[in-house]
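Please look over the fold before reading the points. They are meant to be checked against the coordinates.

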Amino acid sequence: MDKGLLIMEALRATYGDDDSSDFDSDHSPTLSLPANSNPQTEETLSSPLPPPPVSLLHPPNSLGSLDYLQTGQPSRVRSFPHVEGNYALHVYILVFIPYISKKEMGQFLKRVSSVVPNLHVVDIVVPLNTLCKEEHKLEQVALGREFQISLGRTVPIRVHQIDSIVTMLRQKLQFQKRYWIDFNKWEVFINDDRTRTFLSLEVVTGGLPEITKQIQAVNEVYKFHNLPEFYKDPRPHISLAWALGDVSGSLKKVVEQETKSSVFRGSLQSRICTSKVGGIECKIGNRTHIICKSPDQ
């Protein structure tokens, strides 16, 4: 029995059969919502029973019952094959986009997605042009999440390397002074195997020396454990949207046109947004290790 049938059997066992709803394997249950909620659909069950946990019906990265969520869209894939006993390692800086910058950035994303409609929000399976229909959803979902500046490649490691890597990262990165990061430039990147294209914000001035120093520290840890070091000329950035395949040519053209338009409108600034470092984390498999807390924590 597949996972979907198991979930539906659990729902039937908990809430019983209802003639007004169909629990066949080809249909999803329609849930009733609390009276004080704002339902996105007019269809509800007449049963007075409360709805089952939403977590049973939506994966961790989904947006729950929001009506603009579309399933079946492509998502990012790992750049190396899964091997039993290996864990994916990723070291990164956490940053958040300040409220004051979201409106202007949201307008830029709207204009780009109107020309390149196959863009998706990074790490959440939602088409960007769908979110762009409602400004508050665009700012909340696409710009309101935490973003990551990579300090090293995402690589597979063995379980016996985990403690050593985490310990060495903390030794080299735990004592960090507070600094701010300026995101100055819209840029387009592609992954190593050219299967994904990313619309990103690049750091080219403020914060770049500090980030470069931290990348060097991570490289030392990687090198000690015989792991591939970061790119020789790193370009720190955060990615906001992605598209399947290599569409870097067309996306760059749109970004350049929109940047020129921003200059003409007088809305282009020396920096698109400024963010304070939110700490450094290391994710190994499904577990996140705090390497360096934010200075405010």
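1. Basis. This is a predicted model, in which local features need pLDDT of at least 70 and side-chain atom pairs count only at pLDDT 80 or more, while totals for chains, interfaces and linings use all residues. Residues are numbered from 1 along each chain as its sequence is written, and side-chain values use heavy atoms, with hydrogens and water left out.

2. Overall content. The protein chain has seven helices and 11 strands; helices (H or I, at least four residues) and strands (E, at least two) are DSSP runs numbered from the N terminus. Of the 297 residues, 40% are buried. Buried means under 20% relative accessible area, exposed means over 50%, and partly exposed lies in between, with a 1.4 Å probe and protein chains only. Among contacts (heavy atoms within 4.5 Å) between residues at least 6 apart in sequence, 75% join residues at least 24 apart.

3. Helices α2 and α4. How do these two helices pack? Helix α2 (residues 99-115) and helix α4 (residues 135-142) meet at an angle of about 100°, and their axes are 10 Å apart. Axes are lines fitted to C-alpha atoms, for helices over the stretch in contact, and angles run from 0 to 180 degrees between N-to-C directions. The pair is therefore roughly perpendicular, a term for angles of 65 to 115 degrees. On the α2 side the contact uses K102, K103, G106, Q107, L109 and K110; on the α4 side it uses E135, L138 and E139. By class, this contact has two nonpolar, two polar and five charged residues. In that count Ala, Val, Leu, Ile, Met, Phe, Trp, Tyr, Cys and Pro are nonpolar, Asp, Glu, Lys and Arg are charged, and the others, Gly among them, are polar.

4. In α2 the buried residues are S101, K102, M105, G106, F108, L109, V112 and S113. Those of α4 are K137, L138, E139, V141 and A142, and their cover includes α2, β2, α3 and β3. The 17 residues of α2 should span 24 Å at 1.5 Å a residue, and the end C-alpha atoms are 26 Å apart, which agrees. The expected span is 1.5 Å times one less than the number of residues.

5. Helix α6. The 17 residues of α6 (residues 208-224) should also span 24 Å, and the end C-alpha atoms are 24 Å apart, which agrees. Buried here are I211, Q214, I215, A217, V218, N219, V221 and Y222. Elements covering them include β1 (86-96), β3 (146-150), β4 (155-158), α5 (162-173), β5 (180-183) and β10 (279-284).

6. Core. Which residues have the most contacts inside the largest nonpolar core? They are L89, W186 and L240, in a core of 64 residues. A nonpolar core is a set of buried Ala, Val, Leu, Ile, Met, Phe, Trp, Tyr and Cys residues joined through side-chain atoms within 4.5 Å. Leaving aside neighbours within four places in sequence, W186 touches M105, F108, L109, L199, S200, L201, L240, V255 and I272.

7. Strand residues. F183 is in strand β5 and is buried, with a relative accessible area of 0%. Beyond four places in sequence, the contacts of F183 are V95, I149, L201, E202, V203, I238, R271, I272, C273 and S275. H90, in strand β1, is buried at 15%. The C-alpha atoms of H90 and V155, 65 residues apart along the chain, are separated by 7.0 Å. K276 lies in strand β9 (residues 273-276) and is partly exposed, at 24%. K276 and Y179 are 97 residues apart in sequence and 6.4 Å apart in space, C-alpha to C-alpha.

8. Positive phi. Two loop residues deserve a check. D123 has a phi near 70°, positive in a residue other than glycine, and lies in the loop between β2 (120-121) and α3 (128-131). At 34% relative accessibility, D123 counts as partly exposed. N226 has a positive phi near 60°, and is in the loop between α6 and β8 (237-244). At 72%, N226 counts as exposed.

Methods: Parallel < 35°, antiparallel > 145°, perpendicular 65-115°, else oblique.
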